[in-house]
Amino acid sequence: HRHAILSTNLRRSPPSTSSSSNNINLTTLRAGSTTPIPPPPHPTTNQLLKFYFPCLALWISGPLLSLVDTSFVGLSATGKGGSATQLAALGPATTFIDGSLYLFAFLNVATTNLYASALATAARTSLYCGIGLMGLLLAVARPLIALYIGQIQITGPEAASTPNLLDQAHTYVKIRALSMPTSLLGGVLQAALLGAKDSVTPLVAILYSTIINVAGDYLLVSRYQMGLQGAAIATLIAQWCGTLAMIGPARRELLSPGNSLGLLPKFMAGRRRPEGDIPARTFLKFAAPVLTLILGKISAFGFMTNAAAGLPGQPATLAAHQIALSLFFFASPFLEVISQLAQSFLPSYSVLPKDRNARLERYGLFLGSLLAASVASIVTYAPGIVTKDPGVQMAVRPLAATLAAGAFLTAPVAVSEGTLIARKELSYLASVYFVSTALLPPVLRRIRSVGGPVRQVWICFALFQLFRSGCFLGRIWVTRNDSEEKVGR
């Protein structure tokens with residue numbers, strides 16, 4: 001639900017496989033000339049907005065589907081404890097599915113950055129990866145989820161009548177697993193179309209999928225009381241339809257006449273594949289460095305869910321964590337897109353113009369403040385939007401301040417991360433993610449062992465974001481000063 005579309009401005013040049021590609025020269029020179037290329041003009045506010053909103057729609061589509069499922073399940077469950085139980089099962093299930101999808105976001109990165117001839121390879125690779133992921137989830141999803149969430153102890157009067165949370169989460173994951181091939185393919189097509197400056201087709205596809213998901217949840221969850229199974233079926237059909245809506249336009253707009261996306265084997269394809277189609281190994285080699293960043297991000301949320309699942313007061317505790325997580329996932333794309341702005345509009349020089357970077361930082365902090373206030377207000381004053389269970393509403397209210405802090409701190413993380421990616425400092429980014437991800441589990445295990453509360457899990461996440469933002473901003477400040485000193489000499 002979170003498919004990164006990185007560095008659209010890099011599509012003009014082929015990727016470099018040498019180790020020196022991570023070192024950006026102070027000035028970029030024209031071939032055979034010592035005259036430096038002048039920096040690009042300042043982007044206007046209109047240009048930033050035209051880029052921001054299409055990207056936002058693509059980023060928010062996945063979290064939006066999960067939030068729709070969370071709302072319908074939380075509001076439609078019947079029986080004492082029904083809402084809390086189903087929300088508690090939905091939490092690890094959606095985190096597990098979204099994390100599995102996000103793990104393959106590097107396919108979108110390579111699609112956007114490589115030449116147009118990479119589209120067929122990207123589409124073919126995403127489809128094969130999706131089929132493999134689907135088979136893996138169908139075969140071993142249950143033990144993986146059990147390892148992921150640990151043993152959940154249900155307490156209170158609903159314990160005897162509460163179905164096993166693991167069974168419910170497993171059912172949801174099995175159904176959603178059927179969408180893995182089309183979901184990965186859809187992410188690649190979105191990245192390719194956006195890189196080709198076509199924002200209309202992805203937006204229409206997202207509109208289709210959202211309408212179908214809302215209608216399906218209303219019928220299957222609210223009217224027919226199918227619970228998590230109905231929510232999973234509705235999201236599955238929505239993702240199928242969204243991907244199908246993009247296949248035809250992508251083939252017409254991004255491939256020359258007579259070529260195909262290469263989704264079928266050669267003996268079945270009626271059209272030839274594009275000339276100059278790059279090997280899958282080359283495609284994956286270019287995308288692999290981003291995988292470290294993605295693993296660092298999804299691991300943090302997995303550790304948090306595991307810790308929340310082991311705290312007392314279940315199922316209300318895990319249900320409250322799921323609501324906070326869904327709200328954060330819905331808010332974070334608004335800030336992550338600013339990372340895309342940094343990658344697309346900041347020139348790839350060692351000395352970044354202070355005014356341009358500061359401009360994006362101001363935008364990010366302002367937007368982060370609004371989002372932090374919004375999610376905190378929902379949790380504090382309107383938890384009934386996502387659940388009608390009084391116990392869950394009471395459990396989620398103490399998370400307001402820490403959830404707001406985590407959302408606000410995502411703003412400097414997103415801007416500084418985008419700046420460092422624009423400068424191709426992937427090694428530094430990966431090292432920060434490795435250190436911060438390694439430090440998080442011991443603290444969360446300690447919280448789980450002493451029995452919480454779940455608010456401490458979100459305090460850890462806020463400190464996690466604070467650590468990353470400090471490291472990223474510090475790196476930008478130090479390298480900028482060093483570069484300016486070199487220029488002065």
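**Figure 1. Surface and overall make-up of the protein.** The accessible surface of the protein is about 20500 Å², and carbon and sulfur atoms account for 65% of it. Accessible areas are computed by the Shrake-Rupley method with a 1.4 Å probe, and for residues only the protein chains shown count as cover. The model is predicted: local features need pLDDT of at least 70, side-chain atom pairs count only at pLDDT 80 or more, and totals for chains, interfaces and linings use all residues. Residues are numbered from 1 along each chain as its sequence is written, and side-chain values use heavy atoms, with hydrogens and water left out. The secondary structure consists of 15 helices and 0 strands. Helices (H or I, at least four residues) and strands (E, at least two) are DSSP runs, numbered from the N terminus. Of the 489 residues in the protein, 55% are buried. Buried means under 20% relative accessible area, exposed means over 50%, and partly exposed lies in between (1.4 Å probe, protein chains only). Among contacts between residues at least 6 apart in sequence, 85% join residues at least 24 apart; a contact means heavy atoms within 4.5 Å.

**Figure 2. Phe301 and Phe329, an aromatic pair between helices H9 and H10.** The structure holds 10 aromatic pairs. One of them joins Phe301 and Phe329, edge-to-face, at 4.8 Å centre to centre and with 75 degrees between the planes. Phe301 belongs to helix H9 (residues 280-309) and Phe329 to helix H10 (residues 316-345), so the pair ties together parts that are 28 residues apart in sequence. Rings of Phe, Tyr and Trp (its six-membered ring) pair if their centres lie within 6.5 Å; planes under 30 degrees apart count as stacked, over 60 as edge-to-face and the rest as tilted. Phe301 is buried because its relative accessibility is 12%. Phe329 is buried as well, with a relative accessible area of 8%.

**Figure 3. Phe328 and Phe461, an aromatic pair between helices H10 and H15.** These two rings are also edge-to-face, with 5.0 Å from centre to centre and 85 degrees between the planes. The pair links distant parts of the chain, since Phe328 is in helix H10 and Phe461 is in helix H15 (residues 454-488), 133 residues apart. Phe328 is buried at a relative accessible area of 4%, and Phe461 counts as buried at 2% relative accessibility. Ring pairs link Phe301, Phe328, Phe329, Trp458, Phe461 and Phe464 into a cluster.

**Figure 4. Packing of helices H13 and H14.** Two packed helices are described by the angle between their axes and the distance between the axes. Helix H13 (residues 400-422) packs against helix H14 (residues 426-450) at an angle of about 140 degrees, with the axes 8 Å apart. H13 is therefore oblique to H14. Axes are lines fitted to C-alpha atoms, for helices over the stretch in contact, and angles run from 0 to 180 degrees between N-to-C directions. Angles under 35 degrees count as roughly parallel, over 145 as roughly antiparallel, 65 to 115 as roughly perpendicular and the rest as oblique. On the H13 side, Glu417, Leu420 and Ile421 meet Leu426, Tyr428, Leu429 and Tyr433 of H14. The ring of Tyr428 also has the charged end of Arg475 over it, 4.8 Å from the ring centre. A charge sits over a ring if NZ of Lys or CZ of Arg is within 6 Å of the ring centre and within 35 degrees of the ring normal.

**Figure 5. Ser469 in helix H15.** Ser469 is part of helix H15 and is buried, at 5% relative accessibility. Apart from neighbours within four places in sequence, Ser469 contacts Leu409, Pro412 and Val413.

Figure 6. Most residues other than glycine have a negative phi, and most peptide bonds are trans. Gln225 is not a glycine, yet its phi is positive, about 50 degrees. Gln225 lies in the loop between H7 and helix H8 (227-254) and is partly exposed at 40% relative accessibility. Leu220, in helix H7 (residues 200-223), touches Gln225, Met226, Gly227, Gly230, Ile233 and Ala234, not counting residues up to four places away in sequence.

Figure 7. The peptide bond from Gln314 to Pro315 is cis, with omega near 5 degrees. Pro315 is in the loop between H9 and H10. Ala309, in helix H9, is buried at 1% relative accessibility. Ala309 and Ala319 are 10 residues apart in sequence, and their C-alpha atoms are 9.3 Å apart in space.
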